Amino acid sequence: MPDIDYSFLDDDLLIELSQLELDDYIIELAWSSNGENLAAITVEGKVFLVNKYADIIKYKLIGQHDKGGNSVSWRSDGKEFATVGHDGKIKIWDGISGNEIISLEAGDSWVSKAIYNPHSNWLASAAGRQLRLWDTNREVFYESSDHSSTIADLGWSPDGSGVAVAAYNGVTLHVPHKQKQPRKYSWKGSSLVLAWSPDARYIATGEQDSTVHFWHRASGEDDRMYGFPTKVLELSWNSTGRWLATGGSSSVILWDCSGKGPAGRKPREYLAHSNKLTQVAFQPTGELLASTGKDAVLAIWDPMKHDKIIGRKILSAPASSLRWNKDANLAIGQEDGRVAIFKLKS
Amino acid sequence: MLDNNKYDRIPVTVLTGFLGSGKTTLLNRILTENHGKRIAVIENEFGEIGVDNDLVIGAEEEIFEMNNGCICCTVRGDLIRILSNLMKRRDKFDHIMIETTGMADPGPVAQTFFMDDELREALNLDGVVTLVDTKHVLLHIDDSDEVKEQIAFADVILLNKIDLVSATELDQLEARIHAMNSAAKIYRTQDAVIEMDKVLNLGGFDLDRALEIDPKFLEPEYPFEWSGLFEFSAGDYYFALQPGPDPAMNINFRLADNASEAGMRETVEKAVLVFSSDEISLKSGSVIEPSEQLSKINLEGEKLKYILRVPNAGSYVLYTEHHPEEFAAIITDAAGNQVKSLFNREFKPDHEHDEDVASVGISTPGDLDPKKFEPWLRDLLAKQGPDIFRMKGVLSFSESSERYVFQGVHMLFDGRKDRPWREGERSNSLIFIGRNLDREQLNKGFSECLI
């Protein structure tokens, strides 16, 4: 393994604001759009709401999904958020008080995901092989036929017109109202995660067979990237949609999607971890990139400037969720149930 | 990289068997028995299961092909998803049980533990336990690939519902299953009653235990099950039998040099040759003289009696295809007094030609040259991977003071260093279970990898 270059490391870059002990593996975190509230769901299905006023942080347990938790998503206005779990339910929570607003029956068993549309505030949910879309009255207005396996991931297109579904045999794009038949992006393999590029040119997928696919949304063709030592569960686009960061190894890999796309171009590689990545995330606005690994290291990069690590922290356990807010605060959910919140030196 | 050996991998038991074989009964037994383990159960068939403190998760079988449909690369997507989730709560249980549907192919289930990097690191396939409904299995065993594969993949086979079949039927079934999978431990059960340590924590790698249970499984196989040496005077003796499980069997009656175990042993190889020659069919009452002739004696009807005609006093050996006890066979002299053998020997029967699924065991002292062994195994798996259901073994590599233990499924292979060899212990033992395996080629290929 090549030596890690620490010559650009700034030990003071990351300032820890808080360490919360939620005592249970954190499945997912999500910031509200104003960056003041953070929702967390744990593997046992506990739902926490964290409020951040300036640099003061308080949290409370607000409820639970019986049997286990799977996912959390905020509505774009920050007034409410949704959680799903193994109990077949979508629970909607008040974004300020944390009170449960309603519990919706969304499937017979696991509901793996529920994600708000960034524009219409519709909710897309996945339970088993079926996609359901809910309107703002919390009524189902669209139900897909069964996909070829349990749905692994969902993502609204950036303009909110359609929702892409990742499952065995590739990606399916559902555009309710406009399109009678969903569009297939077929691949004989199991797609585990997907990420829309912010300009909607690409749907990237991480695959069980240790590849990353870049589906050209318009043409339906794909570029396949090989060479990952493990399945790929980590994908993050930069804010412009030119670069995709991927995990699937102990290095952060950046693929250049400008022009004709990543095919035939050598990707950039960033070394800081001694074990495979668990999370990778570009800032939603801004240039920085954060990564975490099984080595429980948090690394911060300024990847457009150079390939050297600029910030580093040792966590008490590997990170299972990593989220930036608009103010460049970084929330890290960990396997040991802790949530660490950092801000950047100004 | 983290060293996986330092981490305790969670043991996983896979439970297979046709509908009605007693899987749910066994599972309930495992969940209610006081063994001190917290067990997470993944079940594909929804039964009446539900015990406090244990985690029971339902799943729908999802077969994922990888790499364009090679059977060696199919995995169970549902298991990857659920097991990945279980790994996030690994402090909540000590053992995982997976109950498959009756028709499930165990291949993709087992391969899931080799193909998925995350599961491979965290879990250890402790054992495949196959339940067999002794009453009904014979209806399926000849034409069902699923039954054969469930037997071939097993580490432990429970012949269940033994109260519904006769002892003879059970013996035949067990012999047949044993020939298909010599590495599996076979237990006879009623209502799936079995001690927990016979099905849990087998240690998927521990071939020592398989060898303990059946020391004969690495021996060569013979076309006969029994031989006996007799001292006869000149004259006629009677070989009397009762009807048994087979309508006929091959025997060879021959002279031996002297009345000793060595004298009998010297005739074995010649008898093997005789058993591969053409037989003559004989009816009850026929005369059999000592010779190089293979006789096929009819075993249907009542009061079966064959005459062994002895020309001169001396030592004679009788070889029988099946065990004489199966036919309550006795030998008497002309006066009707029973004559017992001075020595007898039981042989491991060769059933390989009856079954397309069989086991090949290799046991040999010496050290392996990794530079020869690795390409040999890679080439073997590339060519015969689809036909090899399982393999496991303990190997002695030169330049290593530790045992190397491995197991594999089709083309997939997982091995690691184990404890150090003890004094005088070094040797190689391995077994392949599969279709169309060439015993001689495998033995020859393996021995060429020795230093």
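**View 1. The loop around B:Lys303 in chain B**. B:Lys303 is exposed, having 10 other C-beta atoms within 10 Å; here a residue is called exposed if 12 or fewer other C-beta atoms, placed from the backbone, lie within 10 Å of its own, buried if 20 or more do, and partly exposed in between. The structure is a predicted model, in which local features need pLDDT of at least 70 and side-chain atom pairs count only at pLDDT 80 or more, whereas totals for chains, interfaces and linings use all residues. Residues are numbered from 1 along each chain as its sequence is written, while chains are lettered from A and ligands numbered from 1 in the order in which they are written. B:Lys303 lies in the loop between strand 15 (294–298) and strand 16 (304–310) of chain B, where helices (H or I, at least four residues) and strands (E, at least two) are DSSP runs numbered from the N terminus. Its phi is near 45 degrees, a positive value in a residue other than glycine. Most residues other than glycine have a negative phi.

**View 2. The loop around A:Ala296 in chain A**. A:Ala296 sits between strand 25 (289–293) and strand 26 (297–301) of chain A, and its phi, near 65 degrees, is again positive in a residue other than glycine. A:Ala296 is buried, with 20 other C-beta atoms within 10 Å.

**View 3. Domain 1 against domain 3 in chain B**. Chain B is assigned domain 1 (4–204), domain 2 (226–346) and domain 3 (357–447), with bounds that come from an automatic or database domain assignment. The contact between domains 1 and 3 of chain B takes 18 residues from each of them, two residues being in contact if their C-beta atoms, placed from the backbone, lie within 7 Å. On the domain 1 side, helix 3 (106–115), helix 6 (145–152) and helix 7 (167–180) of chain B each supply at least two residues, and helix 3 gives the most, with 5 residues. That side of domain 1 divides into 10 nonpolar, 6 polar and 2 charged residues, with Ala, Val, Leu, Ile, Met, Phe, Trp, Tyr, Cys and Pro counted as nonpolar, Asp, Glu, Lys and Arg as charged, and the others, Gly among them, as polar. In helix 3 of chain B, 10 of the 10 residues are buried, so this helix is largely enclosed by the rest of the structure.

**View 4. The side of chain B that touches chain A**. In this contact, 15 residues of chain B meet 15 residues of chain A. Helix 2 (residues 77–87) of chain B contributes the largest share of the chain B side, 3 residues, and that side comprises 4 nonpolar, 4 polar and 7 charged residues.

**View 5. The buried residues of helix 1 of chain B**. Within helix 1 (residues 23–32) of chain B, B:Lys23, B:Thr24, B:Leu26, B:Leu27 and B:Ile30 are buried. They cover an arc of only 160 degrees around the axis, which puts them on the same side of the helix; the arc is that of the directions from the helix axis to the C-beta atoms. These buried residues pack against strand 1 (10–17), strand 2 (39–43), strand 6 (95–99) and strand 7 (123–133) of chain B.
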